[in-house]
Amino acid sequence: MTILAIGSIPLILVLGNSMLIPILPKMKTELDVSQFQISLIISVFSIAAAISIPVLGYLSDRFSRKAIIVPSLILYGAGGILAGAAAAWFTNSYTWILAGRIMQGIGGAGTAPIAMALTGDLFKGGEQSRVLGLVEASNGFGKVISPIIGSLVALLFWYAAFFAFPVFCFISILLTIFFIKEKKVNKEPQPVGKYVKGLISVFKTEGRWLFAAYLTGATCLFTLFGILFYISDILEKDYQIDGIGKGSILAIPLLFMTITSYITGSKIGKNMKLMKRLIIFGLLLMTTSFSLLILFKNLVPFFAVLAISSIGTGLVLPCINSFITGSVPSERRGFVTSLYGSVRFLGVAIGPPIFSALMEWSRTGMFLTNAGLTLFVGLLCLMLIQVSKKEPSEERDTLFEKMQFT
C-alpha cells in the first residue's frame with residue numbers, strides 16, 4: 001500500500017498534461033486561439049512547476065515530504081476547478097484557464113519529484129531501484145491511460161477534464177495520508193546557509209555527471225511530449241481520428257515505454273555499469289527511431305518505428321532516476337531530485353511549442369533534429385558518467401558513496 005500511495009503521486013502529475021493532449025484541437029476551436037496559444041496550455045503548467053520545484057524541494061528537506069505533498073495535491077485540484085469553472089461560465093476564459101494551469105503547475109511541483117525523494121528515504125539498495133522503476137512505470141501508466149481518460153470525459157463536454165483533476169487528487173491525498181509513514185528525524189533542520197553550502201559542494205564534486213543526467217531526463221520528456229503533440233495534430237487533420245480512438249492510439253507508444261520502465265527498474269538493482277550501458281543504448285535507440293521516422297507516413301509502420309524510441313525512453317528514465325535519487329544524502333535529496341524534476345518539466349514545457357514550429361518548418365527536419373539531440377546527449381553520458389571499476393561495499397547505502405565520477 002505504501003508503494004501504491006507513492007505511485008499515485010506521479011500518476012496525478014502526469015494526468016496534468018497527458019489528459020489534455022487529445023482535446024487540444026477541440027480546445028483550440030472552442031477558445032478561438034492560435035496553435036501557439038493552445039500549446040501554452042501545456043507549457044505554462046510545466047514552466048510554473050519548473051520554477052516552483054527547487055523551492056518545494058528545499059522545504060521538503062527542511063520539514064517533511066508529506067507536509068509538502070498533501071498541500072500540493074490540494075492546490076493542484078483547486079487549479080483544475082478554476083480552469084473548469086472558467087471554461088464553463090466565463091466569456092473570455094482563456095486567461096483564467098492559464099491561471100488555473102499555473103496553479104496546477106505549482107501544485108504539481110510538490111508531487112512527483114518529492115515522491116522520488118521519499119522513495120530514496122524509505123527504500124535502500126536494489127529495493128530502491130525496483131520501487132523507482134515502479135514509480136517511473138506509474139508515471140508511464142498515467143501517460144498511457146490519460147489520453148483515453150481525457151477523450152472519454154471530453155464526450156461529456158470539452159472542459160470536463162479540468163473537473164476530473166480534483167477527483168484524482170482526492171484519492172491520492174487519502175492514500176498519502178493513511179499509507180505513507182515517514183521515518184521520524186529528531187535532528188534540527190539545517191540553517192539555509194549551511195544547506196546551500198552543502199548543495200554547492202555536491203554540485204562541485206558531482207556537477208558534470210549530474211548535468212548529463214539532468215539533460216538526459218529533460219531530453220526524454222521533451223521528445224516524448226513533442227511527438228505526442230505532433231501525433232495528436234496529424235491524427236485529427238490527416239486521418240480525422242478523434243475521441244476515444246485518438247486517445248487509444250496516443251497510448252500505444254506510452255504503453256511500450258511503461259512496460260520497459262517497469263522491467264528495467266525491476267532488473268537493474270545496484271548495477272551501475274549496467275545502468276550506464278542501458279542509458280546509452282536507450283538514447284541510441286531513440287536516435288535510430290527518429291532517423292527512420294522520416295521514411296514512414298502510414299500509421300502502422302510509423303508507430304512500429306516510434307515504438308523503438310519508446311522502448312529507449314523506458315530504458316533510460318529508471319536508470320537516471322536511480323542515479324539521481326541515490327546520489328546525495330537524505331538531508332539534501334529533496335532539492336537534488338526536485339531540480340531533476342524541474343528540468344524534466346522544462347523538457348515538457350518546450351516540447352509542444354518547439355515541435356509546433358518544427359512542424360511548420362519541415363517534417364524531415366523535425367525528426368532529424370531530434371535524432372541529433374538524442375545522439376549528442378548519448379555521447380555526453382558516455383563521456384561524463386564514469387562508473388568506478390571497484391565493486392561497491394554492501395554496507396554503503398547511497399550511490400553517492402558507491403560511484404566515482406570524472
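In the predicted model, Glu 30 and Lys 26 form a salt bridge, with 3.2 Å between the closest N and O atoms; a salt bridge is defined here as a side-chain nitrogen of Lys or Arg within 4 Å of a carboxyl oxygen of Asp or Glu. The two residues lie four positions apart in helix α2 (residues 24-31), so about one helical turn separates them. Helices (H or I, at least four residues) and strands (E, at least two) are DSSP runs, numbered from the N terminus. Glu 30 is partly exposed at 41% relative accessibility, and Lys 26 is partly exposed at 40%. For these assignments, buried means under 20% relative accessible area, exposed over 50%, and partly exposed in between (1.4 Å probe, protein chains only).

This is a predicted model, in which local features require pLDDT of at least 70 and side-chain atom pairs count only at pLDDT 80 or more, whereas totals for chains, interfaces and linings use all residues. Residues are numbered from 1 along each chain as its sequence is written, and side-chain values use heavy atoms, with hydrogens and water left out.

A search of the whole structure gave two salt bridges. Asp 233 is buried, at 11% relative accessibility, whereas Lys 237 is exposed, at 56%. Side chains of opposite charge can pair when their charged atoms come close.

The protein chain contains 15 helices and zero strands. Of its 406 residues, 60% are buried. The chain exposes about 16,300 Å², of which carbon and sulfur atoms supply 68%; accessible areas were computed by the Shrake-Rupley method with a 1.4 Å probe, and for residues only the protein chains shown count as cover. Among contacts (heavy atoms within 4.5 Å) with a separation of 6 or more, 84% join residues 24 or more positions apart.

The largest nonpolar core has 117 residues, and the members that touch the most others are Leu 20, Met 27, Ile 41, Ile 97, Phe 162, Ile 231 and Ile 324. Helix α9 (residues 192-237) provides the largest share of this core, 17 residues. Such a core is a set of buried Ala, Val, Leu, Ile, Met, Phe, Trp, Tyr and Cys residues joined through side-chain atoms within 4.5 Å. Apart from neighbours within four places in sequence, Ile 324 contacts Trp 209, Leu 210, Ala 213, Tyr 214, Val 336, Thr 337 and Tyr 340.

Helix α1 has 17 residues and spans 25 Å from its first C-alpha to its last, close to the expected 24 Å; the expected span is 1.5 Å times one less than the number of residues. Of the 17 residues of α1, 13 are buried, and the helix is mostly covered. Pro 10 is located in α1 (residues 2-18) and is buried at 1% relative accessibility. Residues up to four places away aside, Pro 10 touches Ala 112, Ala 115, Val 135, Ser 138 and Asn 139. The C-alpha atoms of Pro 10 and Gly 140 are 9.2 Å apart, although 130 residues separate the two in sequence.

In helix α6 (residues 112-122), eleven of the eleven residues are buried, so the helix is largely enclosed by the rest of the structure. The buried residues of α6 include Ala 112 and Ala 115, both of which are contacts of Pro 10. Also among the buried residues of α6 are Thr 119 and Asp 121.
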